[in-house]
Amino acid sequence: MANLTNLYDVSKCTACRGCQVACKDWNQLPATIEPFTGSYQTHEDTNADTFTIIKFFESEDPVTGVDWSFIKRQCMHCFDAACMQVCPKGAYTKTETGATLHDPDKCIGCQYCSYACPFEIPKYRKREDKVTKCTLCADRTAEGLTPACARTCATGALTFGDREVLLQKAEDRVKYLRANGYPNATIYGKLELGGLNKLYVLTDTPDKFGLPVNPHIPKNISAWQNVIQPYFGWLIPVMLAASATSFVTTRILANKHGGHGEHEEGGHE
Amino acid sequence: MQWLPEYKDDVERVERFNFVARITHWGHTVTFLLCLFTGLVLFLDGVDWLAAIFGGYAGAGLVHRIAAVLLTILLAIFVVFDFKGIISWIKDILRFGMNDIKFVMSFPLEFFGFPVKIPPQTRFNGGEKGNSIVTPTMVILLVLSGYIMWFPSIFPAGLVRVAYPTHDIAMILATCMVCMHGYLGSFHTGSGESFWGMWKGTVRADWAKHHHAVWYEETYGDKADAE
């Protein structure tokens, strides 16, 4: 089945935050109230009860003046997902359409995923001792609906559909933006981390929107999950087997050599 | 079949480990094994039954943390109350020399019970010196990486990420050493007497003379008297 994804076009977004509300509504997430920090941003970051937020970035440039940009953030549904790699209980799965799903029944709240994720998306929900995150509305898309955020988007900044189709659309849009006053316009999510099941059309470089320019799964995580975890642990049963063998052979050989084997013959350990 | 060598109190015995050393040793045995089995719940797949012993994954996590704190306290007790003992332990490890290398070379044969001739050893033989370096280092790494993972918000994210594989590697190496150490220090026919050194504090003088000749001479032998 084709990968179904969201395309988010920064240049069309007005930061109305309808997507945030729709997400809370569909996923039945309670309100999280955080103190005012002098920004339009509702929360510091996504949290256990807020799967998506609009982040605001204000910067001043001597040439272009004040620049105020915003971007929708949520789980990127990476094709090579770090959360899936590290989860000791296999709570993460990929759907046929490319969404990364988290199963709360399997989750034990260890939060390995929270610290492995290059986008810091999985968040710990203390009251349940579980991790939560965006599901790309897998429950809706399985029934042929669009995700709550994309359905509610008033300006058409969010569209949902086949990844290949949306990728073409994004490329055309980037071409248009580059020709019309946004020379740095770019696509995000096409190649990052081997492809994300979330596409962004950005009007500027990713770092201007607080996105990692070259996200990567830390090497030590790959080494740990691909080498240490599956193979290194076998040392322990090898040691136990050696001890068991020795337990038998020392006693057999001690009898053979006539002595008690306690201190006269062998035994220097 | 004989499991442990018999404890004989009618022969001359010499002290091998003092009270603090023994308390911390057995305290660490209990807390380490508790941490190990509650930790394996996450390391291995399909061990729900192991988690169930501790009351599920949350219970195993709680036991793991309590045991870890006790283990840390025991480390502190060891440092505070037997600092001299630690220093002399380190000094003995630093005496690693030719005799220790010869010991390690012939150890595989000795391990399986073949009679081999071994040069005189200091208080800790070549293998024990190795164990004395690896196990405490790994336990310290386990403690450090453990607290980093426990309180991730007060440490940099990079450090937290490194802590996970560190905890695993240190666990594996420490457990390997503990498997060998546990066996050699009890059921191994040659070295089993050392079990009583750690349990009651004393070992047979003739065993000490035979297994740790240098140590015996310096501590209880003619050299000690001369000083």
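In this predicted model, T203(A) is found in the loop that joins strand 10 (199-202) to helix 7 of chain A. T203(A) counts as buried because its relative accessibility is 14%, under the 20% cut-off.

**Surroundings of T203(A)**
- Leaving aside neighbours within four places in sequence, T203(A) is in contact with V10(A), S11(A), L177(A), Y182(A), N184(A), A185(A) and F209(A).
- Two of these partners, V10(A) and F209(A), are also in contact with I71(A).

**Helix 7 of chain A**
- Helix 7 comprises the 13 residues 219-231 and should span 18 Å at 1.5 Å a residue; the end C-alpha atoms are 17 Å apart, which agrees.
- A kink of about 35° is centred on Q225(A), and Q225(A) is also one of the buried residues of the helix.

**Nonpolar cores**
- The largest nonpolar core has 73 residues, and those with the most contacts inside it are Y8(A), I71(A), M76(A), F119(A), Y188(A), L202(A) and M171(B).
- Helix 7 of chain B supplies the largest share of this core, nine residues.
- Both domain 1 (4-78 + 134-216) and domain 2 (218-269) of chain A give residues to this core, so the core lies between them.
- The contacts of I71(A), apart from neighbours within four places in sequence, are Y8(A), V10(A), I53(A), I54(A), K55(A), F57(A), Y200(A), L202(A), F209(A) and L211(A).
- A second, separate core of 10 residues includes V174(A), A185(A), L199(A) and V201(A); of these, A185(A) is also a contact of T203(A).

**Domains of chain A**
- The domain assignment divides chain A into domain 1 (4-78 + 134-216) and domain 2 (218-269).
- Taken over C-alpha atoms, the centres of domain 1 and domain 2 are separated by 55 Å.

**K123(A)**
- K123(A) lies in strand 6 (residues 123-125) of chain A and counts as buried because its relative accessibility is 17%.
- The side chain of K123(A) makes a polar contact with the side chain of D45(A), at 3.5 Å.
- Not counting residues up to four places away in sequence, K123(A) touches D45(A), T46(A), N47(A), A48(A), S114(A), K130(A), V131(A) and T132(A).

Technical notes: Residues are numbered from 1 along each chain as its sequence is written. Chains are lettered from A and ligands numbered from 1 in the order in which they are written. This is a predicted model: local features need pLDDT of at least 70, side-chain atom pairs count only at pLDDT 80 or more; totals for chains, interfaces and linings use all residues. Side-chain values use heavy atoms; hydrogens and water are left out. Helices (H or I, at least four residues) and strands (E, at least two) are DSSP runs, numbered from the N terminus. The expected span of a helix is 1.5 Å times one less than its number of residues. The bend at a residue is the angle between axes fitted to the seven residues ending there and the seven starting there. Buried means under 20% relative accessible area, exposed over 50%, partly exposed in between (1.4 Å probe, protein chains only). A nonpolar core is a set of buried Ala, Val, Leu, Ile, Met, Phe, Trp, Tyr and Cys residues joined through side-chain atoms within 4.5 Å. Domain bounds come from an automatic or database domain assignment. Contact means heavy atoms within 4.5 Å. A polar contact is a pair of N or O atoms within 3.5 Å; within protein, one must be able to donate a hydrogen and the other to accept it, and residues adjacent in sequence count only if both atoms are side-chain atoms.
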